[in-house]
Amino acid sequence: MAKKMLFIDTSLCTGCRACSVACKAWNELPAEKTRRLTSYQSQDRTTPTTWTYVSFHEIYEDGKMKWLMYKHQCYHCGEPACMKACSSDAIYKEEEGYVLIDHDKCIGCGYCVANCPWNVPKVDNTIKKARKCTGCIDRIKNGLLPACVATCQTGALSFGDRDEMMEKAKARLAEVKEKHPKANLYGDQFMGGTTYLYLLLDDPEVYGVPAKPSAPVSLTLWKDIIHPLGGIAAGAAGAVVVLGVLANALRGNYSKRLRDNAGVSSQSDGEGR
Amino acid sequence: MDPKVDKKEVYRFSLMERIAHGTHGIAFVVLLFTGLAMILTSFQPAMKILGGINVTRDIHHIGGAVAVAIVVVGFVLEPKFRGWITYSLKFNKNDFEHIKGFPVELLGGHSPYPPQGRFNGGEKMNILLMFVSCVVIAITGFIIWFPAVFPQWLVQWSYPAHSGFALLLAAVFLMHFYLGVLHPDSNRALKGVITGWVSAKFAREHYQQWYDEVAEKEPERIREVK
């Protein structure tokens with residue numbers, strides 16, 4: 001199957017949160033006790049059983065308030081930091097571009113949680129596995145729309161082939177720019193290009209997401225430099241041990257030691273050796 | 001050289017020192033192997049012996065906490081064990097001279113070096129590497145254990161620090177095991193960390209300065225063996 005894309009046109013989002021409910025319904029995720037964070041927002045992070053939620057940003061301009069909406073979920077990166085950080089090769093990519101966690105391999109170490117630029121995956125402590133949005137890969141593989149897209153009433157969410165969606169996003173951006181000069185596309189320029197692409201009406205920071213998300217430097221240092229170097233160091237030490245034992249055997253040091261132990265005085269080289 | 005030295009032994013390590021060294025060693029091996037299981041996927045099937053990866057991780061976490069506690073207690077109770085570190089920090093020219101000849105010694109030859117103190121240059125290096133790395137590993141390990149409590153950047157940097165120093169220590173440990181157990185000359189030291197006594201001949205060869213000092217000031221620490 002070709003690469004897919006999910007386009008999130010935040011200019012059309014009304015914050016009804018039907019996407020969040022549809023996600024829970026399809027993926028059989030139990031409801032959670034929430035609390036009011038701002039006037040309408042009740043969640044501000046993904047959890048092991050909440051894979052998508054909407055954040056409400058109240059912007060005041062000329063004495064008037066306007067809403068900016070942002071649907072959060074896994075971005076399904078082209079170059080996922082979580083996949084690189086995974087200790088158990090449990091995170092893999094589907095050909096459609098989706099990043100998935102194999103629960104048979106996941107050990108719940110939480111390395112993906114700490115290394116995701118958006119903090120998306122979360123470890124479920126009851127099953128000791130990391131969980132996050134699957135992009136409804138089971139629906140997509142069977143020709144259905146992702147649950148959130150299927151339920152979206154305003155047309156803020158659309159799904160299709162990557163190229164088609166890219167074109168649609170660019171066309172929509174040109175339209176929106178007339179009224180919102182700061183409008184921009186968010187997702188195609190970092191992390192190897194994400195599968196979820198946003199049309200934002202303002203800068204990413206206004207929505208509380210990083211403008212230039214990237215894999216942490218510490219992750220590159222860890223996986224690309226320290227691990228290979230550490231392997232070489234341990235390997236070299238192992239080689240010296242083997243070499244040392246061989247050299248000692250060849251020099252007859254072991255048999256000399258055995259003679260010493262048996263109480264036969266050894267020939268001294270003047271230094272007692 | 002005193003011909004009788006062949007038949008003598010010198011008391012090198014106190015009981016507390018031996019216990020602290022031994023528990024640290026056991027903890028190190030347990031933590032290294034249970035830690036490797038969480039980083040090398042090829043290692044994970046082997047962890048079925050312990051009861052699966054979750055048990056392995058619990059052993060790693062609790063074992064780490066216990067190891068830190070033991071070493072700290074050893075530090076508080078036994079000034080001589082503290083002395084391992086403080087003495088090793090006094091690194092001087094003699095120690096460098098000893099390390100210079102090290103590769104030859106390692107391969108079973110002999111390269112002359114100036115008389116060494118209680119710990120020789122190579123041992124000082126081993127102790128210092130161990131100490132610095134263990135402090136880093138213990139702190140970062142705690143951060144990785146409870147990531148929710150710490151800022152994200154600190155958790156992120158703890159990963160390379162924790163596994164980097166652990167891998168360095170794996171190399172150091174291999175050398176230490178080789179010299180202490182496999183090397184036909186230097187493994188005479190093994191008796192010292194088990195019973196406390198080492199052969200006087202060995203002590204003179206490897207720590208002449210220390211041996212002479214003991215012989216002069218605390219002759220009761222030297223005994224004859226039949």
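# Briefing: chains A and B

B:Leu77 is exposed, because its relative accessible area of 58% is over the 50% mark. This is a predicted model. Chain A holds eight helices and ten strands. With a radius of gyration of 28 Å against the 19 Å that the globule rule gives for 273 residues, chain A is more spread out than a compact globule. Chain B and chain A bury about 3400 Å² between them.

**A nonpolar patch on chain B**

- B:Leu77 belongs to helix α2 of chain B, which covers residues 53–77.
- B:Leu77 is also part of a nonpolar surface patch.

**The build of chain A**

- The C-alpha trace of chain A spans about 100 × 40 × 40 Å along its principal axes.
- Of the 273 residues in chain A, 50% are buried.
- The accessible surface of chain A comes to about 13600 Å². Carbon and sulfur atoms supply 54% of that surface.
- Now take the contacts in chain A between residues at least 6 apart in sequence. Among these, 57% join residues at least 24 apart.

- How is the size of an interface often given? It is often given as the accessible area lost when the parts come together.
- Here the area buried between chain B and chain A is about 3400 Å². Carbon and sulfur atoms give 60% of it.
- On the chain B side, B:Leu107, B:Tyr159 and B:Pro184 lose the most area to chain A. Together they account for 18% of what that side buries.
- In terms of contacts, 36 residues of chain B touch 42 residues of chain A.
- How many salt bridges are there between chain B and chain A? The count is zero.

**Salt bridges**

- Over all chains, the structure holds 22 salt bridges.
- One of them pairs A:Asp224 with A:Lys84, with the closest N and O atoms 2.7 Å apart. A:Asp224 sits in helix α7 (residues 217–250) of chain A and A:Lys84 in helix α2 (residues 81–85) of chain A, so this pair ties together parts that are 140 residues apart in sequence.
- A:Asp224 is partly exposed, at 42% relative accessibility. A:Lys84 is partly exposed too, at 32%.
- In chain B, the side chains of B:Lys100 and B:Glu97 form a salt bridge, at 3.3 Å from N to O. Both residues lie in helix α4 (residues 93–100) of chain B. About one helical turn separates them, because they are three residues apart in that helix.
- Is B:Lys100 buried or exposed? B:Lys100 is exposed, with a relative accessible area of 62%. B:Glu97 is partly exposed, at 28%.
- B:Arg188 and B:Asp185 form another salt bridge, their closest N and O atoms being 3.4 Å apart. B:Arg188 is buried, with a relative accessible area of 18%. B:Asp185 is buried as well, at 16%.
- Elsewhere, salt bridges that share partners join A:Asp9, A:Arg172 and A:Glu175 into one network.

**A buried tryptophan in chain B**

- B:Trp84 is found in helix α3 of chain B, which covers residues 79–89.
- Why does B:Trp84 count as buried? Its relative accessibility is 10%, and buried means under 20%.
- Beyond its neighbours within four places in sequence, B:Trp84 is in contact with B:Phe13, B:Glu17, B:His21, B:Arg118, B:Phe119 and B:Ile127.
- B:Trp157 lies 73 residues from B:Trp84 in sequence. Their C-alpha atoms are 30 Å apart in space.

**Positive phi angles in chain A**

- A:Glu28 has a phi near 55 degrees, a positive value in a residue other than glycine. It is in the loop between α1 (18–26) and β2 (53–61) of chain A. A:Glu28 counts as exposed, at 70% relative accessibility.
- A:Met191 has a phi near 50 degrees, again positive in a residue other than glycine. Where does A:Met191 lie? It is in the loop between β9 (184–186) and β10 (196–200) of chain A. A:Met191 counts as buried, at 8% relative accessibility.
- Set side by side, A:Glu28 is exposed, whereas A:Met191 is buried.

How values were computed: Residues are numbered from 1 along each chain as its sequence is written. Chains are lettered from A and ligands numbered from 1 in the order in which they are written. This is a predicted model: local features need pLDDT of at least 70, side-chain atom pairs count only at pLDDT 80 or more; totals for chains, interfaces and linings use all residues. Side-chain values use heavy atoms; hydrogens and water are left out. Patches are made of residues with over 30% relative accessible area and no salt bridge: like charges are joined within 9 Å, nonpolar side chains (Val, Leu, Ile, Met, Phe, Trp, Tyr) within 5 Å. Accessible areas come from the Shrake-Rupley method with a 1.4 Å probe; for residues, only the protein chains shown count as cover. A salt bridge is a side-chain nitrogen of Lys or Arg within 4 Å of a carboxyl oxygen of Asp or Glu. Helices (H or I, at least four residues) and strands (E, at least two) are DSSP runs, numbered from the N terminus. Buried means under 20% relative accessible area, exposed over 50%, partly exposed in between (1.4 Å probe, protein chains only). The radius of gyration is taken over C-alpha atoms; the globule rule is 2.2 Å times the number of residues to the power 0.38. Contact means heavy atoms within 4.5 Å. Buried area is the accessible area (1.4 Å probe) that two parts lose on being put together, summed over both.
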